[in-house]
Amino acid sequence: MRKELLFAFTAFFFMSLSAITGAYALENGEQEKILLEEQKDFNGDGKTENMTLLGISSEDEDNFFKKLTIQVSDEKETKADITMDGGYNPNLELYDLDGDKQEEMFLTISDNERNSRKRYQLFDFNGTEIKEVAIPELPVMTSSFKDDYKAELVIDGLKTYNFDLYERKNTYEQLGLYQNGHLNESTELIINPFTSLKPSRYKQKFSLEGKQIISGIAAIDKIAYLETVWTSKKDGWKLEKFKVKEISSKTK
């Protein structure tokens with residue numbers, strides 16, 4: 001009899017704990033939503049898996065998710081999952097970026113509601129686990145303002161770009177960066193991270209096409225766009241081509 005009472009009490013305790021936990025989550029307005037479902041044969045074994053993107057959202061902001069989870073399962077069980085920090089308007093796409101006939105998961109997340117600052121993550125499912133794959137690293141660059149309202153950008157080992165910023169003369173003089181065309185102190189340009197990174201095509205295979213902004217004295221002082229194309233190799237990513245497009249201060 002004592003054992004039966006103990007089992008009954010234990011069951012009641014866990015049921016009560018579950019109810020309290022559920023009530024706490026409800027009070028905080030959090031709920032898990034299915035954001036995307038797709039069926040694919042991820043690892044080429046002839047069996048179809050179900051990929052699901054889940055997000056924990058708040059009642060206050062429908063398009064913001066505190067945490068995101070990618071889950072791969074079959075009819076019987078969850079095979080693998082991985083959780084990462086959330087954000088606004090998450091989007092998950094499937095591409096065979098490395099040419100191995102197995103699709104990778106490309107996740108885009110906005111860090112703000114205006115979608116002006118984004119993060120990019122890449123994941124691979126090998127049949128038993130989901131692993132994050134490194135995205136391309138930005139090329140090594142050095143930069144500096146020069147006398148006479150000029151600036152220089154050096155992409156290490158590849159090319160040097162010179163910018164004529166004379167049309168910004170008045171602004172730079174007022175802010176004290178220059179005095180009568182002479183640079184007051186050594187100052188670097190602002191090299192921003194990827195503002196855009198998206199799958200594209202390069203020579204009949206998938207690639208990643210990146211875009212970043214080169215700014216002057218502040219983020220709003222846009223000088224140029226750096227556009228890059230990357231292809232996946234066994235030892236990482238290869239920079240296939242790049243282009244710098246100068247931005248006029250009168251048209252930005």
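The protein has two helices and 16 strands, where helices (H or I, at least four residues) and strands (E, at least two) are DSSP runs numbered from the N terminus. This is a predicted model, in which local features need pLDDT of at least 70 and side-chain atom pairs count only at pLDDT 80 or more, while totals for chains, interfaces and linings use all residues. Residues are numbered from 1 along each chain as its sequence is written, and side-chain values use heavy atoms, with hydrogens and water left out.

**Exercise 1.** Find what share of the 252 residues is buried, and what share of the accessible surface belongs to carbon and sulfur atoms.

*Solution.* 
- Step 1: Of the 252 residues, 35% are buried, with buried meaning under 20% relative accessible area, exposed over 50%, and partly exposed in between (1.4 Å probe, protein chains only).
- Step 2: The accessible surface comes to about 15700 Å², and carbon and sulfur atoms hold 49% of that area. These areas come from the Shrake-Rupley method with a 1.4 Å probe; for residues, only the protein chains shown count as cover.
- Step 3: Now look at contacts, meaning heavy atoms within 4.5 Å. Among those with a separation of 6 or more, 41% link residues 24 or more positions apart.

**Exercise 2.** Describe the surroundings of Glu49: is Glu49 buried or exposed, and which side chain makes a polar contact with its own?

*Solution.* 
- Step 1: Glu49 counts as buried because its relative accessible area is 1%.
- Step 2: Its side chain makes a polar contact with the side chain of Lys79 at 3.2 Å. Such a contact is a pair of N or O atoms within 3.5 Å; within protein, one must be able to donate a hydrogen and the other to accept it, and residues adjacent in sequence count only if both atoms are side-chain atoms.
- Step 3: Beyond four places in sequence, Glu49 touches residues including Phe42, Val72, Lys79 and Phe125.

**Exercise 3.** Trace the pairing of β6 with β5 and with β7.

*Solution.* 
- Step 1: Strand β5 (residues 104–110) and strand β6 (residues 118–125) run antiparallel and are joined by six bridges. Two strands pair if DSSP finds at least two bridges between them.
- Step 2: Across this pair, Met105 stands opposite Phe123 in β6.
- Step 3: β6 is also joined to strand β7 (residues 130–133), antiparallel, by four bridges. Here Phe125 has Ile130 in β7 as its bridge partner.
- Step 4: β6 and β7 form a hairpin with four residues between them, and Gly127 in the turn has a positive phi of about 110°.

**Exercise 4.** Follow β14 into β15 and on to β16, then examine Trp230 along the way.

*Solution.* 
- Step 1: Eight bridges hold β14 and β15 together as antiparallel partners, and this hairpin has six residues between its strands.
- Step 2: β15 pairs with strand β16 (residues 236–246), also antiparallel, over ten bridges; two residues link these strands in a hairpin.
- Step 3: Trp230 lies in β15, residues 222–233, and is the bridge partner of Leu208.
- Step 4: Trp230 counts as buried because its relative accessibility is 4%. Its side chain makes a polar contact with the side chain of Thr228 at 2.9 Å.
- Step 5: Contacts of Trp230 beyond four places in sequence include Pro136, Phe194, Leu208 and Trp237.
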